[in-house]
Amino acid sequence: MALNSRTPSGPIESRWDNTKFEMKLVNPANKRKYSVLVVGSGLAGGAAAATLAELGYNVKCFCYQDSPRRAHSIAAQGGINAAKNYQNDGDSIYRLFYDTVKGGDFRARESNVYRLAQISVNIIDQAVAQGVPFAREYGGTLANRSFGGAQVSRTFYARGQTGQQLLLGAYQALERQIDAGRVKMFPRTEMLDLIVIDGKARGIVTRNLVTGQTDVHLADAVILATGGYGNVFYLSTNAKGCNVTASWRAYKRGAFFGNPCFTQIHPTCIPVSGDYQSKLTLMSESLRNDGRIWVPVKAGDTRPPQQIPDSERDYFLERIYPSFGNLVPRDVASRAAKRMCDEGRGVGPSGLGVYLDFAASIERLGKQAISERYGNLFEMYERITGESPYETPMRIFPAVHYTMGGLWVDYHLMSTVPGLFVLGEANFSDHGANRLGASALMQGLADGYFVIPFTIGNYLASNKFEKVSEDHPEAKAAKAQVTGRVEKLLSIKGKRTVDSFHRELGKIMWENCGMARNEKGLKDAITRIKALREEFWKNVNVLGESNDLNQSLEKAGRVADFLELGELMCADALDRKESCGGHFREEYQTPEGEAMRDDENCAYAAAWEYTGDDKPAALHKEPLTFEYVHPSQRSYK
Amino acid sequence: MRLTLNIWRQKSPTDQGAMVRYSLDNVSEHMSFLEMLDVLNEQLITKGEEPVAFDHDCREGICGMCGFVINGVAHGPRRGTTVCQLHMRSFHDNEELFLEPWRAAAFPVVKDLVVNRSAFDRIIGAGGYVSVPTGSATDGNSILIPKAESDMAMSAAACIGCGACVAACPNASASLFTGAKISHLGLLPQGQPERHARALNMVAQAAVEGFGNCTNIGECEAVCPKGIQLENIARMNRDYLVGAITYREPQAEAGAG
């Protein structure tokens with residue numbers, strides 16, 4: 001099957017406008033005759049469900065949490081980018097587009113990124129109108145800050161809780177539609193399979209997490225907005241429940257998986273403190289604006305930081321990247337920290353950490369000023385580690401934070417299964433090989449509020465939908481498969497807990513498919529993952545019943561899918577013989593240790609097709625062309 | 001350190017439930033409270049006993065999913081902290097702890113420490129929004145908002161909907177939760193058109209759900225992990241009062257053309 005990205009041609013400024021005009025519309029009176037399933041209730045899913053219901057479609061929305069307000073979008077701290085140029089500092093739609101294509105290391109589709117930059121301005125307007133309390137200047141206008149090394153101030157924020165406030169805006173719009181009876185909400189419900197009938201996505205199979213009941217939901221189109229798969233690493237900044245199951249089930253039903261190996265490692269997280277560690281906590285990237293990152297010059301220096309004189313400290317980012325210093329992009333900062341730790345210069349009990357020091361800023365600006373900027377973050381750090389960043393430097397280490405990869409979608413956000421649309425972090429997205437700070441919120445809301453309402457209308461208006469029922473063989477087969485799998489997991493009754501498998505998988509992934517990858521490590525990881533997966537299906541111990549709230553059972557199903565995804569990620573990382581963005585292959589680096597892209601051979605998006613459980617996935621390539629932003633080596637020196 | 005844990009175990013909403021005693025060794029002070037429970041659960045599974053069910057998700061104090069009562073205090077002893085961010089250094093060796101779910105008629109127990117808080121969603125659905133369909137917004141800077149008011153609105157909007165306020169209130173009142181949303185939107189120009197109707201409808205929904213009234217005790221504010229203040233309840237009462245006095249039946253919409 002050939003990939004058709006449906007990317008429009010013509011001048012890039014008018015591609016989206018032209019596409020919108022060319023798309024078919026559904027008559028207002030006919031919208032209520034169509035039904036749409038939205039899986040996930042975060043920024044992308046919540047925004048899509050609310051907006052489609054406002055338009056008049058029949059919507060059902062599903063989330064695994066107890067309320068749509070808890071989707072993991074809520075944890076985003078820093079902000080949301082928009083090309084408003086309110087600061088008159090030279091920003092424009094074109095500049096945001098340019099920065100995003102370059103920041104993504106030239107592995108994203110230009111047309112999509114341009115549309116994202118265009119829509120960014122509408123998102124801010126919509127959020128303000130909903131009552132999102134963005135930070136303000138004294139004159140009452142919206143405040144902006146520069147974020148993640150951007151050279152213009154285009155980031156809008158609401159204290160350190162921008163994701164929370166944007167999500168609550170979408171959630172409130174969604175609750176309004178639920179109250180009006182236009183959305184039926186299914187909380188504590190997990191999608192466990194996709195139903196494809198006559199080549200079109202027509203429904204899903206769900207499990208009610210409280211009663212264990214398995215249900216079939218049928219519709220005219222299905223939207224997945226189920227987030228990223230960073231939890232394949234066990235330790236990540238994702239919420240504990242984040243999982244790949246919905247995407248993975250869709251993959252096995254024919255949706256291609258795009259760039260699975262593109263993961264983002266965030267440089268400023270609190271280091272691991274012990275084996276019991278269940279997740280990693282992000283410290284906002286904004287801390288790098290005033291903190292200086294360093295390690296001791298000598299390897300194995302165990303003196304407390306205060307006793308290490310300035311001359312024996314290595315401010316390595318400032319040394320290696322003098323023009324960007326501590327503000328280099330995430331992938332660059334993370335890799336540099338790893339190199340320091342590999343040299344034995346890491347700090348803290350595990351040796352896996354670097355200092356983020358505020359002493360110089362406190363001296364220059366005063367404790368008061370620093371406390372106003374970062375007070376809540378310092379408090380959170382102290383709560384977790386028991387150390388005050390005012391007195392002693394923070395210890396930070398990179399952690400998995402976001403996955404740029406996801407289900408492959410065309411310009412209409414439709415996957416390779418007609419009628420299956422994928423939004424937000426769940427798709428393989430507009431971020432290429434590396435996402436810039438404050439761009440995730442922008443993309444989730446752009447997809448949900450302003451792209452899908454048009455493209456799904458076009459799909460519905462251009463297709464005929466036969467009436468289908470739960471008795472359709474495909475629906476029955478999918479449901480039977482789901483119940484069979486649940487029973488199988490409960491019947492193994494082995495010796496190891498689900499978490500122990502998950503931890504082991506995470507370790508394999510982090511060591512071999514994390515910040516640095518090489519051929520030997522990846523091949524080895526694939527062998528080990530296969531063996532671990534085999535052991536899982538023989539030796540996992542899941543207690544309890546299926547007709548009950550059973551958190552071990554939920555986890556088991558998710559880990560089983562991670563055990564398959566991990567292998568695909570390694571295969572993708574192995575196949576991409578270059579270094580780009582978050583994907584760093586040790587074989588492909590410059591003499592200074594920087595990522596070396598191969599634009600001649602690797603300027604493509606990888607799209608993997610499932611071909612059977614015992615067969616390797618088939619690779620399809622979508623070539624990427626750059627008509628506007630010409631590929632260049634990223635340099636932050 | 002070593003802990004004795006008394007945990008509420010209840011198989012289903014209809015089961016009577018009881019406290020069950022566990023002891024746990026080698027608890028590190030660096031663990032979060034939920035990581036301590038993870039360790040207990042791993043041990044229970046290995047012994048063939050069903051693990052303790054508790055709600056949690058982000059584990060960084062923002063999703064509002066976690067929460068239970070520790071020794072009579074919602075979210076435990078540390079002020080302004082959800083249980084997921086509470087670390088074991090807040091406890092001492094050989095301490096005995098009692099863990100219970102939120103207790104309120106409007107929050108029925110689902111299992112063990114897990115409760116059903118969907119009543120909160122219905123309170124928001126009754127009016128906790130600005131009716132502004134996607135696409136109908138004006139330019140963001142066309143609405144000027146004084147910084148002080150915007151900051152106050154943000155402080156009210158910081159509510160994470162965890163339900164600790166209800167669990168701590170002797171009346172199981174949802175006033176702090178409801179008042180926070182009424183304040184957040186009522187303080188902003190965008191929220192003015194629906195301000196009084198919002199207060200009337202949300203307060204009415206809270207009563208339907210079975211939450212009690214506020215009698216100014218202040219337990220809610222004391223346990224709120226996000227520092228939501230009692231003044232939000234005062235604003236709710238004022239908006240409710242004005243709404244009740246000025247209420248008029250809606251007029252029929254005129255047909256067009």
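A: Let's start with Thr100(A): setting aside its neighbours within four places in sequence, this residue is in contact with Val113(A), Asp430(A) and Leu436(A). Keep in mind as we go that this is a predicted model.

Where does Thr100(A) sit? You'll find Thr100(A) in helix H3 of chain A, which covers residues 93–103. Is Thr100(A) buried or exposed? Its relative accessibility is 4%, and anything under 20% counts as buried, so Thr100(A) is a buried residue.

Now hop over to Asn434(A). This residue lies in the loop between strand S17 (420–422) and H11 of chain A. Asn434(A) is buried too, because its relative accessible area is 2%. What does its side chain meet? The side chain of Gln264(A), through a polar contact of 3.0 Å. Gln264(A) also turns up when you list what Asn434(A) touches, leaving aside neighbours within four places in sequence.

Helix H11 of chain A (residues 440–462) packs with helix H2 of chain A (residues 43–55), their axes 8 Å apart and at an angle of about 30°. Angles under 35 degrees count as roughly parallel, which is why H2(A) is described as roughly parallel to H11(A). As for handedness, the crossing of H2(A) past H11(A) is right-handed.

Which residues make that contact? On the H2(A) side you have Leu43(A), Ala44(A), Ala47(A), Ala48(A), Thr51(A), Leu52(A) and Leu55(A). Facing them from H11(A) are Leu441(A), Gly444(A), Leu445(A), Gly448(A), Tyr449(A), Ile452(A), Pro453(A) and Ile456(A). Sort the residues of this contact by type and you get twelve nonpolar, three polar and no charged.

Finally, a quick glance at chain B. This chain has 257 residues, and 56% of them are buried. Its secondary structure comes to eight helices and seven strands, and its C-alpha trace spans about 75 × 40 × 35 Å along the principal axes. Take the contacts in chain B between residues at least 6 apart in sequence, and 69% of them join residues at least 24 apart.

Note on methods: Residues numbered from 1 in each chain as written. Chains lettered and ligands numbered in written order. Predicted model: local features only at pLDDT ≥ 70, side-chain atom pairs only at ≥ 80, totals over all residues. Heavy atoms only, no water. Axes fitted to C-alpha atoms, helices over the stretch in contact; angles between N-to-C directions. Helix = DSSP H or I, 4+ residues; strand = E, 2+ residues; numbered from the N terminus. Parallel < 35°, antiparallel > 145°, perpendicular 65-115°, else oblique. Left-handed = near helix turned anticlockwise from the far one by under 90°. Contact = heavy atoms within 4.5 Å. Nonpolar A, V, L, I, M, F, W, Y, C, P; charged D, E, K, R; others polar. Buried < 20%, exposed > 50% of the residue type's maximum accessible area, 1.4 Å probe, protein only. Polar contact = N/O pair within 3.5 Å; in protein donor to acceptor, adjacent residues only side chain to side chain.
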